[in-house]
Amino acid sequence: MKALRLLSAIAGKLALCATLLQPATTLADTYEVKLPPELATSPRMCDYAPCKDVIPGAIAFSERKGQPWYVEAYKDEAGQKKLLGYVMLSTDITDIPAYSGKPVVTLIGMDTAGKFTGVKILKHSEPILLLGIPESALVKFNDQYLGKFVGDNIEIGKSRPEENLIGLDAITGATVTVIAQNQVMMTSGSEVAKQVGILKPVNRPQARFPASTATPSWAELVADGSVQRLTVKPEEVGLKSDGRPYMDLWFGYLNQPTIGRAILGKDGYEGLMGRLKEGEHAIFIIANNSMDSFKGSGFVRGGLYDRVQVRQDKDGFTFRDLDYVNLWGISAAGAPAFNESAIFIIRGKGFSAAYPWKLVFLGNKIDKETAAKTFANFDKEYWLADRYLEGGRPVVVKPDPTWLKVWKDKVVEIVAFTALLLIIAAAYASRDKLVRRADRKNKWPVNVFKYTGWVISIGFVGFYAMAQPSITQVLTWFHSLLFQWKWELFLSDPLIFIFWIFIIITVFVWGRGLFCGWLCPFGSLSELLYKIGQAVGLKRFQFHLPQALHDKLKWVKYAVFFGLLAVSFFSMGLAEQLAEVEPFKTTFLVGLLNRSWPYTLFAGGLLGLSIFTERPFCKYLCPLGAALAMPTTFRWFGLRRKDECTSCKACAKGCGSLAIDTKGNIDQRECMLCLDCMVLYYDDHACPPLAQERKRRTKAGQPLTPINGKGYFIPIHPLPMDKNSKGVEA
Amino acid sequence: MNTQDIKQNDQDMVPGRRKFLNTAALAGLTGAGLSVGLSSCKQEATAPAAASAGAAPAAAPAAAGHASSVHLAPGQLDEYYGIWSGGHTGDMRILGIPSGREITRVPVFNPDPLIGWGITNESKAIMGTKADGSLRYTVADTHHTHASYKNGTYDGKYAWINDKINGRIARVKLDTFECDRITEIPNIQGFHGIFPDKADPVDPAINYTTRVFAGAEFSIPLPNDGSHMDDTSKYRSLFTCLDAETMAIRWQALIDGNCDLVASSFDGKLAATNQYNTEMGAKYEDMMSAEKDACTFFHIARIEQAVKDGKFKTYGDSKVPVVDCTRESNKDPKTALAAYVPVPKNPHGVNASPDKKYFICSGKLSPTATVIELAKVLDYFEGKLEDIKTAVVAEVELGLGPLHTAFDGRGNAFTTLFLDSQVVKWNVEAAIKFHAGDKNAKYIVDRLDVQYQPGHLNASQSETVEADGKWLCVGCKFSKDRFLPVGPLHPENEQLIDISGEKMKLIADHPVRPEPHDFIIVKREHIKTRQVYNLDDFPNAIKDPKESGVFRSGNKVTVKLVSQAPAFSLREFTVKKGDEVTLILTNLDKVEDLTHGFAIPKYNINFIVNPLETKSVTFKADKPGVYWAYCTHFCHALHLEMRTRMIVEK
């Protein structure tokens, strides 16, 4: 007590100093301000509250209405008063206390679509905002709600899109305040949204429990899911492991008589139920051997338990000090030892044990370098087993996970895109037939597929579906492999997901060229520009870098890739920023004209350069190409080569990718699989050894037999098998 | 002490000490703190020193393992509430068991500046005031405390505690651990024993406490109005029955002798008090002249019928009906209101066994315990038992100075031996067999030295059907060398003994400020406390800060205030010299543990208001000036700033 008193003395002095040093207005605008008493009672609430501040554009407000209270806000539309949205006073709806034990009086605006339009603190009593943290932090926190939909799952902590969860950044050092504030915002918003029809009121019938005399053991309770375990590893909150879990919680629902009696014993169960009113529910939590406490100390001055809460669909239930009851012990045989325990009473409306719910643990994740805290949610679902519910579990239509929803929404695009990939793959698989139909003058049998692929890739895949694969996905993939694999993460974008499956398969079958050369939206755009340039008479300005220089520069993209990978291990965020070396985002996702000039200049420059030299980005910079080039070394099917290719330079000369070296070997890592050299391979007018043989036979009056798979005329005299007849695959 | 030593003690030491008693005990015993002397051990010494220790009778199954650790890790809670009397501090103490930590003190009969007991109007109304508004009594001596029952075990509703000095009984609500009623019992002095009933004697549906019995020690003239003071043979003690809910007195019983302690049967039919001084002597020599004293049994149903039938007297100003339970008037067992079961002289303590069958009186001056079978007492009242003496089914020797008995629920009894400074563990059924003639029955199970000279003892849940045989507390009246000395006044030594095994194990010494007497040990599951109050519990509550203000009616001024951390609703209030000021304070903080204090310097006022509680004080504003009233109970980071200014104008 002495220490506390001392502390209070210091705190008091600090507050005094602060008051002396700064104008009072900037220190704490709304700390313990005196609000007009009419604010709480007058039908004309907006005469006493700055309603207009929280719903821009409003010109008039209704009187208080509804149960609980809200007011309607109107705008002027051509002289007519039109409903613009709603304004509510938090204390009309809920009395959830914050750290001080008193509510933060908050004025909340919401439009007719249920999106928050404004949040204003009218009065708070948080000493923490008086003594340490600027009040602006709370304002900043509240601004996060603007534009968010009241029906969304909004929680403090990280967003988890795969679970439809929108995260908010907390205020370090004021957890209780922000958790209470989130509860206030969401409760107030949804209460009004339900009244005005934006949200459907959730009506979960209460569970009824069958009579039973069974007294299950702890092991049986665990087996049938009546107690659940929520474990958080130290690594998950940025701490070093000391062998213990950061948090190891067992929890369960106590109103169910069989479970309640098994956990609390007969007397304990009846005693607890005697304390509960109609519609109240009790859960227990125990923890053992954890690195931290699940209670914390946030509740001490009358605020909330800021580390555990219960969530059922969109309804959150927090606990305050008066919702806590001691858990004396667990009578079920075989229960684990524990050093921290609690019974919490869920008093909020709408909770039903017949339906699944989650225990949410809110952890502090500490950044090792900056020591900054971020908040991370961990949860575990709980649903009473059939046997504990009269009539068994009700049918629950669970909303599809986001990824599945996206897949369902995009089914047309997915089918079309998959068809495109299959057609391109099929075309490439039948390349022998296609290249035989083509010749050096008419490459259309091949190009019709390739150019179609390009156009669809640029237009549909790139600009429309924004499914341009990127090096960031490779980096994410690496991190996922190393740390935590989450399918949801990759499934959330179906086209990209399918694209990657296609890329991985084709890289190992044929090499990266099928993607890079035929389907990469940016690559396609780049080469298409080159082709157009060629077609519109700019050919004379078009050039290739000298082979020697090219052979040096082509390694740059590998350096870019490894550089990004290395950076990503230190900071994914920085790596993602540096990945802007890919002009994809500027080109397809945002648009050239929608970005600041350095980005536009970079992407535009690369595209402009593409008109004059073939695929400059792909050749020298693209980290994604580099990443795909390496596994291409292990592709199964390469392009065909002849013995003469070692000395003949015909193909090399025509190779736009500069992928054929002086010995005639094709560098598959650089090859875009344009198939030009394969057209030549069967072209008896273009391929020098073939042309020579054709001329010889013509002179000798010998018939021109068909060209075999090895790129030679079928010999007229059967020859013994020797080395000369061997086709070479480089 | 190993088995060999114990054996020696039993075979050699006990007779040795008895000899000592026979010869020269008087001075020594008086010196040792007994308030009475003794002449001799008159019991027929039929029982030789009991069986050797260590040989456990088959009837006493050893409990599995030992009770849990006495040391609680941070954050761990005690398993039991210990409810202790405070003695002549006049309060009740709440201890955690097994840790022995004192958790709180409940002021009952005596003023307490912390909570403002005896300062606030509300507490004064409970404590009782004189015409001028000052407290009627400010001293008290609490000895015994027992809690209310349901289904034979504690229901966590009330505990009662006596005041021996001024003859009062108080009730403490166990949801708030606050005293809510005090009743002064008429016609008596030296109110000592106390016990609630456990069921109604007639209506089986009432299986919970509705009565509290109270025994008075000192005989006084009736009425005690200054007449008949010389004829001590007319002095009388009364046995009293109160209503547990209203705390009004239902009836009193005129008896021969006086009352030491009280017990009640689980079926509600019987209550009993053990008596010394059945001779009705006024001096202690006279008090020991008869052959035997008695344990007096009351037939509750018949007494209440007699009251209903108007067969009672009243004394002086008291309207309380007093029925006649003297031997002379109750000779026919079939109509008798009371039965006197003879027990050795000057017994001490009467305890009901958790198997509901027996009451056990300790001998004090006799080294024996007397086991009385309740079924036989009921038979006597039915006329089926020839001689009430045969209700005694065992009278066995335990050691020197047996006082009080507790139980482990496994058939064993634990009796304090004041003179031997021991606790003896003995088996009740084996003792009954021994008494019946089976001299091979070994009823003594174990003996343990305690430090020093134990009075009361009690075991966890011992007085209920849920006696669990885990912990035994022994209230040692002398601590001597057991704690850091703090001058001539020593604390008492409450010793904790693990009784979960066959052998008793001394686990801890706990100092307690003098001087608790009796206590009970209640499983924590039975106590359900409130976290905060309800505003509506207080008719004078100020529910809205806007109702604050100074309201004058002539020279009577009411100041209404609320507290919300860190402020009182009025920054100042002004009264005039000579005003009679009533200040009402409601704590509107609805936060567990957020208690505020309110002190007015120079006006000798301090009290606390718990969350959502309302209290008031009335005082004369007789000193003009400025007085900074402030919050005395730490509440907030700005606790020091939490003040209000009382301005008393000339």
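Analyst: Glu178(B), in S7(B), is the bridge partner of Lys173(B). Strand S6 (residues 168–173) of chain B and S7(B) pair in the antiparallel sense over six bridges; two strands count as paired if DSSP finds at least two bridges between them. Strands here are DSSP runs of E with at least two residues, helices are runs of H or I with at least four residues, and both are numbered from the N terminus. The model is predicted: local features need pLDDT of at least 70 and side-chain atom pairs count only at pLDDT 80 or more, while totals for chains, interfaces and linings use all residues. Residues are numbered from 1 along each chain as its sequence is written, and chains are lettered from A and ligands numbered from 1 in the order in which they are written.

The pair S6 and S7 belongs to an open sheet of four strands in chain B, in the order S4-S5-S6-S7, with antiparallel pairing. Its edges are strand S4 (145–150) and strand S7 (178–184) of chain B; each has a single partner strand, so one side of each is left without a neighbour in the sheet. From one strand to the next, the twist averages 30°, with axes being lines fitted to C-alpha atoms (for helices, over the stretch in contact) and angles running from 0 to 180 degrees between N-to-C directions.

Another open sheet of chain B has five strands in the order S8-S9-S10-S11-S15, and its pairing is mixed. Strand S8 (189–196) and strand S15 (322–324) of chain B are the edges of this sheet, each with a single partner strand, so one side of each is left without a neighbour in the sheet. The twist in this sheet averages 25° from one strand to the next. Within the sheet, strand S9 (residues 211–218) and strand S10 (residues 237–243) of chain B pair in the antiparallel sense over five bridges. Val212(B) stands opposite Leu242(B) in S10(B).

For the chain as a whole, chain B has five helices and 39 strands. Of its 650 residues, 55% count as buried, where buried requires 20 or more other C-beta atoms within 10 Å of the residue's own, exposed 12 or fewer, and partly exposed is in between, with C-beta atoms placed from the backbone. Of the contacts in chain B with a separation of 6 or more, 62% come from residues 24 or more positions apart; a contact means that the C-beta atoms of two residues, placed from the backbone, lie within 7 Å.
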